[in-house]
2 protein chains.
Amino acid sequence: MFRRGLLVVLSGPSGVGKNTLLNLLLARMAGIRYSISATTRPPRAGERDGVDYFFFEPEKFLAMADAGELLEWAHFCGHYYGTPRSYVEGSIARGTDVILDIDTQGAALLKKKLLEGVFVFLMPPSWQALEQRIRGRGKDTEESIKERLNRAREEIDHLSDYQYVILNDDLERAVGELEAIILAERCKVVRNDVAGFLAAFFAKN
Amino acid sequence: MFRRGLLVVLSGPSGVGKNTLLNLLLARMAGIRYSISATTRPPRAGERDGVDYFFFEPEKFLAMADAGELLEWAHFCGHYYGTPRSYVEGSIARGTDVILDIDTQGAALLKKKLLEGVFVFLMPPSWQALEQRIRGRGKDTEESIKERLNRAREEIDHLSDYQYVILNDDLERAVGELEAIILAERCKVVRNDVAGFLAAFFAKN
């Protein structure tokens, strides 16, 4: 049965463990790819262009936004972040699922455009655990930590805008749930060419 | 996060392999139970009362229907079939998922009553495979086989009324998909007490 690829949006506060979950998912599940975001912020240590992000100059980024080459984009803490359109749309048209890691603001913009998206929110097991994770990185000022905690709280306030929630208290269970959500969405009648399938099914009599 | 139990409805034409799939699912998945249907048809060889069906006299069945003790019921080929209400509602209220094996007519009745149900249709890989299965039992008259084939075709015509479709061309894949659908539905934000969860999450600060 032919179907278009899914657009899976994964959100959750900074420090909840989205990257670890995504890497595990992509390592074990076939037919789904990670869509790399574009940003104008400078690479952090170890980050590679075209792997972690597409790192663009602001001029290039804004030219892409103007040309409609970004599915969504936003300004946050002095930098631009966005989702390149062609990779996502090309994959979906070929029937390959795509997963995005974006914040609640970007997800809300996508939700307006793409009714068929799959919106998943990753929740930390407790506020204490999240604060520990955010403080634990140990290389931020108290002011920057406060800002990240405030932002985490704002992100979590959008949980009810999502279709699915995964509690990240056990990584193995969490990745199993994300995998199940994607597998279940692939089985949705509305996502499959059921009319074409039934025509072929009965034609062979 | 507390949630009510799911009501999972599995339909599919006679001979598609619903029983095998259900038995595998129930053997490997926790937190879900099979809801036994009630019927007035006599037990077939090997069928046990309270295991395969609740076998009732027509009078008792109709008295239950009158008293509102059946979630749905229908008359088919001279016999009544229905879903006892108390088992299903009790399990769901306690947060235990329930799975039902009912035909498209019964499923349509349930869909009207229970918006939150999960409706899954099991499809045979091909019409030829289904016909072979139906003929293969070898103990039916040609007339009875024709009737069952006609009925199978009618059932399949209702595929698009369902939320999920599973193609039963590989039993292991099919049971994995059914399991994924149930797991994904458990993760749905609307099915969980998200407001209560968030209040507790932030109260602990």
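Among contacts in chain A between residues at least 6 apart in sequence, what percentage join residues at least 24 apart? The figure is 69%, where a contact means that two C-beta atoms, placed from the backbone, lie within 7 Å.

## Basis of the model

This is a predicted model, in which local features need pLDDT of at least 70, side-chain atom pairs count only at pLDDT 80 or more, and totals for chains, interfaces and linings use all residues. Residues are numbered from 1 along each chain as its sequence is written, while chains are lettered from A and ligands numbered from 1 in the order in which they are written.

## Chain A overall

Chain A has 8 helices and 9 strands; these are DSSP runs numbered from the N terminus, with helices (H or I) of at least four residues and strands (E) of at least two. Its radius of gyration is 18 Å, close to the 17 Å from the globule rule for 205 residues, so chain A is as compact as a globular protein of that length. The radius is taken over C-alpha atoms, and the rule is 2.2 Å times the number of residues to the power 0.38.

Along the principal axes, the C-alpha atoms of chain A fill a box of roughly 70 × 40 × 30 Å. Of the 205 residues in chain A, 31% are buried. A residue is buried if 20 or more other C-beta atoms lie within 10 Å of its own, exposed if 12 or fewer, and partly exposed in between.

## Nonpolar core

The largest nonpolar core has 72 residues, and Val120(A) and Val120(B) touch the most other members. Such a core is a set of buried Ala, Val, Leu, Ile, Met, Phe, Trp, Tyr and Cys residues joined through C-beta atoms within 7 Å. Beyond four places in sequence, the contacts of Val120(B) include Val8(B), Val9(B), Leu10(B), Tyr162(B) and Ile181(B).

In chain A, the axes of helix 5 (residues 127-136) and helix 6 (residues 142-156) come within 10 Å and cross at roughly 145°. Axes are lines fitted to C-alpha atoms, for helices over the stretch in contact, and angles run from 0 to 180 degrees between N-to-C directions. Helix 5 of chain A contributes Leu130(A), Glu131(A), Ile134(A) and Arg135(A), and helix 6 of chain A contributes Ile145(A), Arg148(A), Leu149(A) and Ala152(A). These residues divide into 5 nonpolar, no polar and 3 charged. Ala, Val, Leu, Ile, Met, Phe, Trp, Tyr, Cys and Pro count as nonpolar, Asp, Glu, Lys and Arg as charged, and the others, Gly among them, as polar.

In chain B, the axes of helix 5 and helix 6 (residues 142-156) also come within 10 Å and cross at roughly 145°.

## Contact between the chains

On chain B, 25 residues are in contact with 25 residues of chain A. Helix 7 of chain B gives the most to this side, with 5 residues. By class, the side of chain B has 16 nonpolar, 6 polar and 3 charged residues.

## Two loop residues

Ser14(B) lies in the loop between strand 1 (7-11) and helix 1 (18-28) of chain B. Is Ser14(B) exposed, partly exposed or buried? Ser14(B) is partly exposed, because 15 other C-beta atoms lie within 10 Å. Outside four places in sequence, Ser14(B) touches Ile134(B), Arg148(B), Arg151(B) and Ala152(B).

Cys77(A) sits in the loop between strand 5 (70-76) and strand 6 (79-84) of chain A. Cys77(A) counts as exposed because there are 10 C-beta neighbours inside 10 Å.
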